[in-house]
Amino acid sequence: MSNPTLGARLEPRRHELVFRSATLATRTFLTPSYVRLRLEGPELRGFDSPGADDHIRVFFPAGPVGDLREAPNREYTPVSWDAAEGWLDIDVALHGSGVGSRWAETAPLGAPVGVGGPRGSMVLVGRPDAWLLAGDETAVPAIRRFAAAMDDDAVGRIAIEVPDAAHDLPVAAPPGVEVVQVHRGDRPAGEELADWLDALDVEEQPHGCVFGFVAAEQSIVRAGRALLLDRWSGDPAATVVKGYWKRGTAEYHAPH
């Protein structure tokens, strides 16, 4: 059995809400359906995102608008940024005809864009004894940021659900952290990842404080909580399980 301690926990931090304007500088396809956008502009100087699971709201104008804040918008996790130079990278999964997907794929370089937030952060403090990170394409930015915070002796598992090998999204992690790509094929998003989580039993539970992060389509919440909080008796202060999106609901917003 685990013995959760206060050695690792999430602590809330609030930020002054700032709205920034920028432009689309570059577009890089990481897979056929996953694109990295670099946003640039002087107003991005000073931008910061302390929490790996932070959300910013990105505003995508379809044409001329008087106020960027009136444009359609979606939430994303910052990937990387340079507060001195004034640029910010976000990753966008191209699925369907959503506002963000359409803009990410077709907006011309130089197109205006707005960035709001983050309004707050949940910052991981302390060192977990082990890690369990799992998610679909939408959670990869957060998972990569958590993985980047691991020390060389970290142990654990990372699972990324994608359609197939052509869409694999690698995650750099220490040698003691197993990284697997879970291929869903034609199954609905989240089902294959849920099966992977369900297959982890008590015997595979790491010792000590496990930091758990599970995020994908809303249906993943049941399997994530069943593993981390029930079978593994995890510490809620070191556990995040959430739906990043909800099938059939374009306006769904992940809980912070």
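**Terms and their cut-offs**

Me: Why is E16 called exposed?

Reply: E16 has a relative accessibility of 68%. Exposed means over 50% relative accessible area, buried means under 20%, and partly exposed lies in between, with a 1.4 Å probe and protein chains only. E16 therefore counts as exposed. The residue is found in the loop between strand 1 (8–14) and strand 2; strands are DSSP runs of E with at least two residues, and helices are runs of H or I with at least four, both numbered from the N terminus.

Me: On what kind of model do these values rest?

Reply: This is a predicted model, in which local features need pLDDT of at least 70 and side-chain atom pairs count only at pLDDT 80 or more, while totals for chains, interfaces and linings use all residues. Residues are numbered from 1 along each chain as its sequence is written, and side-chain values use heavy atoms, with hydrogens and water left out.

Me: What makes the contact of D91 with R36 a salt bridge?

Reply: The closest N and O atoms of D91 and R36 are 2.7 Å apart. A salt bridge requires a side-chain nitrogen of Lys or Arg within 4 Å of a carboxyl oxygen of Asp or Glu, so the pair qualifies.

Me: Why is D91 called buried, and why is R36 called partly exposed?

Reply: D91 has a relative accessible area of 5%, and therefore counts as buried. R36, at 22%, counts as partly exposed.

Me: What makes strand 6 and strand 7 a pair?

Reply: Two strands pair if DSSP finds at least two bridges between them. Strand 6 and strand 7 (residues 87–93) are joined by 4 bridges and run antiparallel, so they meet the requirement. In one of these bridges, P78 has I90 as its partner.

Me: Why are strand 5 and strand 6 said to stand at the edges?

Reply: The 7 strands form an open sheet in the order 5-4-8-2-3-7-6. Strand 5 (73–76) and strand 6 (78–82) each have a single partner strand, so one side of each is left without a neighbour in the sheet.
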